[in-house]
Amino acid sequence: MATMSLYESKESSGAISLQALCDNQFINKLTGEVNLFDLAKFVIRGGWPGNLEVGEDNITLVPKSYIESILKDDAQQLDEVKYDKHKLRLLLRSLARNESTTVSNKKLLNDIISEEKEKIDIETVSSYLNLFEEIIFN
């Protein structure tokens, strides 16, 4: 399911181009006051069209259902392997904790062991990352 950008949902003017930033074409522009609470809400809510008008009390329902669907359905139907849903979730949590960094499989493994106190091996981490890549990009 494709999500909308903040420009498409009319919550951004589009004055700053992400493509231009990636192309090293930075233009200094005032965009108005940015409210940190609103930014956090947009991240949590996501850009799913059906979730744009949902009240703040329920904005986590669609993203949580989406993740649950990936863990329960997509991951289990991709091939003949039965994946451990709990360990898949732990890996997602570790990826979220390490979201703003470049992280190795070993770092993810150590993070899961230290934060979640779960027994898991490097092959499982690698296999589960490959599974997520397969689900997302295919």
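Predicted model: local features only at pLDDT ≥ 70, side-chain atom pairs only at ≥ 80, totals over all residues.
Colleague: Happy to. Why are α4 and α6 called roughly perpendicular to each other?

Modeller: Helix α4 (residues 85-97) and α6 pack at an angle of about 80°, and their axes are 10 Å apart. Such an angle falls in the range of 65 to 115 degrees, and α4 and α6 are therefore roughly perpendicular.

Colleague: Which residues of α4 and α6 meet there?

Modeller: From α4 come Lys87, Leu88, Leu91, Leu92 and Leu95. Facing them in α6 are Val125, Tyr128, Leu129, Leu131 and Phe132. By residue type, this contact has nine nonpolar members, no polar ones and one charged.

Colleague: And what makes α3 roughly perpendicular to α6?

Modeller: The packing angle again. Helix α3 (residues 61-77) meets helix α6 (residues 122-137) at about 90°, with 11 Å between the axes. The cut-offs are 65 and 115 degrees, and that angle makes α3 roughly perpendicular to α6. On the α3 side the contact uses Ile70, Leu71, Asp74 and Ala75, and on the α6 side Leu131, Phe132 and Ile135. Six of these residues are nonpolar, none is polar and one is charged.

Colleague: Let me step back to the whole chain. What does its secondary structure come to?

Modeller: Six helices and zero strands. Along the sequence, the pattern reads α-α-α-α-α-α.

Colleague: How do you know that the chain is more spread out than a compact globule?

Modeller: We set its radius of gyration against the globule rule. The rule gives 14 Å for 138 residues, while the chain has 18 Å, well over that value, so the chain is more spread out than a compact globule. The C-alpha trace spans about 50 × 35 × 30 Å along its principal axes. As for burial, 23% of the 138 residues count as buried.

Colleague: Why is Leu30 called exposed?

Modeller: The cut-off for exposed is over 50% relative accessible area. Leu30 has 87%, so it is exposed. You will find Leu30 in the loop between α1 (18-22) and α2. Its C-alpha atom is separated by 31 Å from that of Asp57, which is 27 residues away along the chain.

Colleague: Where does Lys10 lie, and where does Lys117 lie?

Modeller: Lys10 is in the segment before α1, and Lys117 is in the loop between α5 (105-116) and α6. Neither is a glycine, yet Lys10 has a positive phi of about 70° and Lys117 has one of about 55°.

Colleague: Are Lys10 and Lys117 buried or exposed, and what makes them so?

Modeller: Lys10 has a relative accessible area of 73%, and Lys117 comes to 67%. Exposed means over 50%, so Lys10 is exposed and so is Lys117.

Colleague: Now for Ser9: why does it count as buried?

Modeller: Buried means under 20% relative accessible area. Ser9 is at 14%, so it counts as buried. Ser9 lies in the segment before α1. Beyond residues up to four places away in sequence, Ser9 touches Met4, Arg45 and Leu52. Its side chain also reaches the backbone oxygen of Leu6 at 3.2 Å.

Colleague: Why does Arg45 count as buried?

Modeller: Its relative accessibility is 4%, and the cut-off is under 20%, so Arg45 counts as buried. Arg45 is found in helix α2. Leaving aside neighbours within four places in sequence, Arg45 is in contact with Leu6, Ser9, Glu11, Asn51, Leu52, Ile59 and Pro63.

Colleague: What is found at the start of helix α2 (residues 36-45), and what follows α2?

Modeller: At the start, a side-chain oxygen of Asn35 comes within 2.7 Å of the backbone nitrogen of Phe37. After α2 comes Gly46, with a positive phi near 75°.

Conventions: Residues numbered from 1 in each chain as written. Heavy atoms only, no water. Axes fitted to C-alpha atoms, helices over the stretch in contact; angles between N-to-C directions. Helix = DSSP H or I, 4+ residues; strand = E, 2+ residues; numbered from the N terminus. Parallel < 35°, antiparallel > 145°, perpendicular 65-115°, else oblique. Contact = heavy atoms within 4.5 Å. Nonpolar A, V, L, I, M, F, W, Y, C, P; charged D, E, K, R; others polar. Polar contact = N/O pair within 3.5 Å; in protein donor to acceptor, adjacent residues only side chain to side chain. Rg over C-alpha atoms; globule rule 2.2 N^0.38 Å. Buried < 20%, exposed > 50% of the residue type's maximum accessible area, 1.4 Å probe, protein only.
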